[in-house]
Amino acid sequence: MVDNSDSPLPPAELGPRLAEVYATLGPLYRRVARLVEQQSPSNGLSVGVRAVLERLEMAGAAETVPQIARTLELSRQFVQRMVNDAMAAGFVVLKPNPAHRRSSLVELTGAGLAAIRAVQANEHETMGRVGGDLTDADVATTLRVLRHMLTAVNEIEVD
C-alpha cells in the first residue's frame, strides 16, 4: 500500500477536507469570542473593541477607520462604533490625518495598549492549556493552511 499522506490532494478530496476545517473554525471562533465577552466586564473590551485595538497594535501605527475596516473585513460603520466605544474608554484617540482631512487617524493610547496586551496575555495563558502534544510544526502547518485558504477565498471572491 502506498502512503499518499504527503501528496497534494486532488480538488475533489481537498474541498471536503477544507470544509471540515471551516466547520471547525466557526464554533471555535464563537467560543473564543464568548470567552472574551465573559471577561469584558473586568477588562472593558467587547470583541469588536478588542479587534480594533489588536489591529492597531499589529499595525504599529495609527490607521483610519476605513483602513481598519478593510483589514478586518468589517463594515466601516461597525468599526466606527467600536472606535467610538474605545475612545469612550480611553483606549484610542483621534489624530488629524495629513493625507485626508475628513478621515482621522485612530491611535492607540497607553491605556489601550496595556488593555490589549493584558487580554492577549490572558488568552495566551488560556490557550497554553490546550495541550494535545502539539508541536511548533503542527501550529505552523495549521497557520499555513489557514492563510492559504484565506488568500484563495479572497482571490475567488474577486473572480
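# Notebook: sheet, helix packing and core

I began with the sheet: three strands form an open sheet in the order β1-β3-β2, and the pairing is antiparallel. This is a predicted model, and I read every value below with that in mind. I noted the edge strands next: they are β1 (63-64) and β2 (92-95), and each pairs on one side only.

**Entry: strand pairing**

I looked up the bridges strand by strand. Strands pair through backbone hydrogen bonds, in a parallel or an antiparallel sense. β1 and β3 run antiparallel and are joined by two bridges. I found Glu63 opposite Val106 in β3. Thr64 has Leu105 in β3 as its bridge partner. On the β2 side, four bridges hold the antiparallel pairing of β2 and β3. I picked out Val92, whose bridge partner in β3 is Leu108.

**Entry: a helix over the sheet**

Which helix lies across β2 and β3? I found α4 there, running at about 110° to β2.

**Entry: α2 against α4**

I then turned to helix pairs. Such a pair is described by the angle between the two axes and the distance between them. For α2 and α4, the axes come within 9 Å and cross at roughly 90°. The two helices are therefore roughly perpendicular to each other, since angles of 65 to 115 degrees count as such. I listed the residues that meet. From α2 they are Gly48, Val49, Val52 and Leu53; from α4 they are Phe78, Val79, Met82, Val83, Asp85 and Ala86. By class, I logged eight nonpolar residues, one polar and one charged in this contact.

**Entry: α2 against α5**

How do the axes of α2 and α5 cross? I read a crossing angle of roughly 100° for α2 (residues 47-59) and α5 (residues 110-127), with the axes coming within 10 Å. That angle makes α2 roughly perpendicular to α5. On the α2 side I noted Arg50, Leu53, Glu54 and Glu57. They meet Gly112, Leu113, Ile116, Arg117, Val119, Gln120 and Glu123 of α5. The class count for α2 with α5 is four nonpolar, two polar and five charged residues.

Leu53 is on both of my lists: it takes part in the contact with α4 and in the contact with α5.

**Entry: Gln120**

Gln120 sits in helix α5. Is Gln120 buried or exposed? Gln120 has a relative accessible area of 11%, so I marked it buried; the cut-off for buried is under 20%. Beyond its neighbours within four places in sequence, Gln120 is in contact with Arg50, Glu54 and Glu57.

**Entry: the core**

How many residues does the largest nonpolar core have? I logged 19. Leu53 and Val92 have the most contacts inside this core. The elements giving two or more residues to the core are α2, α3 (65-72), α4 (76-88), β3 (105-108) and α5.

Leaving out neighbours within four places in sequence, I found Val92 in contact with Leu53, Leu56, Val83, Ala86, Met87, Val106, Glu107, Leu108 and Thr109. Leu108, its bridge partner in β3, is among these contacts.

**Entry: positive phi**

Most residues other than glycine have a negative phi. Glu73 goes against this, with phi near 55°. I placed Glu73 in the loop between α3 and α4. Glu73 counts as exposed because its relative accessibility is 53% and the exposed class begins over 50%.

Asp133 is another case: its phi is positive, about 55°, and it is not a glycine. I found Asp133 in the loop between α5 and α6 (136-158). Its relative accessible area is 74%, so Asp133 is exposed.

**Entry: Leu35**

I read 37% relative accessibility for Leu35, which means partly exposed. How far apart are Leu35 and Leu134 in space, C-alpha to C-alpha? I logged 22 Å, with the two residues 99 apart in sequence.

Key:
Residues are numbered from 1 along each chain as its sequence is written. This is a predicted model: local features need pLDDT of at least 70, side-chain atom pairs count only at pLDDT 80 or more; totals for chains, interfaces and linings use all residues. Side-chain values use heavy atoms; hydrogens and water are left out. Axes are lines fitted to C-alpha atoms, for helices over the stretch in contact, and angles run from 0 to 180 degrees between N-to-C directions. Angles under 35 degrees count as roughly parallel, over 145 as roughly antiparallel, 65 to 115 as roughly perpendicular and the rest as oblique. Contact means heavy atoms within 4.5 Å. Ala, Val, Leu, Ile, Met, Phe, Trp, Tyr, Cys and Pro count as nonpolar, Asp, Glu, Lys and Arg as charged, and the others, Gly among them, as polar. A nonpolar core is a set of buried Ala, Val, Leu, Ile, Met, Phe, Trp, Tyr and Cys residues joined through side-chain atoms within 4.5 Å. Buried means under 20% relative accessible area, exposed over 50%, partly exposed in between (1.4 Å probe, protein chains only). Two strands pair if DSSP finds at least two bridges between them.
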